[in-house]
Amino acid sequence: MGDRETSNHSEVTDFILIGFRVRPELHILLFLLFLLVYAMILLGNIGMIAIILTDPRLNTPMYFFLGNLSFIDLFYSSVIAPKAIINFWSESKSISFAGCMTQIFLFALFIVTEGFLLAVMAYDRFIAICNPLLYSVQMSTRLCTQLVAGSYFCGCATSVLQISMTLTLSFCASRAIDHFYCDTRPLQRISCSDLFIYKMVSFSLSSVIILPTIIIIVVSYMYIVSTVLKIRSTEGRRKAFSTCSSHLGVVSVLYGAVFFMYLTPNRFPELSKVASLCYTLLTPMLNPLIYSLRNKDVKEALRKLLKKKTVLFNSFLPVV
């Protein structure tokens, strides 16, 4: 049996990404929609990184974390979106075995890193609001770098474990993945391997990732709310809450979509695809909007950057 499974596994050279089960005439609409969303992701996240790097006033821990969040959003959406967009026009809709494993590895790396980074950002807001006088001392450049590096390390370790387990799966019959990108759940449906150990390890891995990050976020905001409610002035409370509202919005969108997808039964794959859209494309698109629209410093930095670019552009125009 082991030899047959190994043989079947080695024979798989590519998979077919079924994508969305819609009428062919809707493919062009989905193509345009995906293309528009991906363009907004590129524009928003590259713009956010540029603003943070060019404005000295944003040289703070919060914006250092935010710049890394934009970097992660930019890359993990780029792991998914280009192939999905191409497949709306492609007849074969195939993806190589190596390409599929690469998608799983990179997506796991970036999405797990983002989860830990959001926990780090919650801790940052906790220090800023609950211990403002010690903020610059406690959130030193060295600590911020270590926290971000630790987030990437956790993402990398998780993706290595995830891809190692996935490579042990055998695929005996269908090569058709009922999804618009390579993900572990639809791969399990077409695998002929015994999935008990795989599912137990995956569940344990997800628990180790999700529970600590959620606990850090929840506990941080419990202390934040307790501290803010002690502020006497309404304006002071409003300002304190406004510094956290953007982060809470990002956390709600990401974790809401993740929980919805993993709580959706396997017999409803279309619902899983919709939930996947939320955290693969909508979250990376919304994050820069949430932070730029809700943040006075970012809006001011963007205004200055656009003004500088306009002056530079006008200087190159010929004098009539």
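The expected span of a helix is taken as 1.5 Å times one less than its number of residues. In this predicted model, helix H3 covers residues 61-87, and its 27 residues should therefore span 39 Å, a value with which the separation of 40 Å between its end C-alpha atoms agrees. Helix H3 is mostly covered, with 20 of its 27 residues buried.

The unreviewed UniProt entry lists several spans as "transmembrane region", including residues 65-89, 143-165 and 203-229. In the model, residues 143-165 are 100% helix and 0% strand, with end C-alpha atoms 33 Å apart, and residues 203-229 are likewise 100% helix and 0% strand, with a corresponding distance of 38 Å.

Between H3 and strand E2 (94-96) lies a loop that contains Lys93, a residue that has a positive phi of about 55° although it is not a glycine. Because its relative accessible area is 16%, under the 20% cut-off, Lys93 is classed as buried.

Strand E2 belongs to an open sheet of three strands, arranged in the order E2-E1-E3 with mixed pairing. Since E2 and strand E3 (176-177) stand at the edges and each has a single partner strand, one side of each is left without a neighbour in the sheet. Strand E1 (residues 14-17) pairs with E2 in the antiparallel sense over three bridges, and within this pairing Ile16 stands opposite Ser94 of E2. Helix H4 (residues 97-130) lies across E1, E2 and E3, and runs at about 80° to E2.

Conventions: Residues numbered from 1 in each chain as written. Predicted model: local features only at pLDDT ≥ 70, side-chain atom pairs only at ≥ 80, totals over all residues. Heavy atoms only, no water. Helix = DSSP H or I, 4+ residues; strand = E, 2+ residues; numbered from the N terminus. Buried < 20%, exposed > 50% of the residue type's maximum accessible area, 1.4 Å probe, protein only. UniProt positions renumbered as here; feature names shortened; annotations may be inferred. Pairing = 2+ DSSP bridges. Contact = heavy atoms within 4.5 Å. Axes fitted to C-alpha atoms, helices over the stretch in contact; angles between N-to-C directions.
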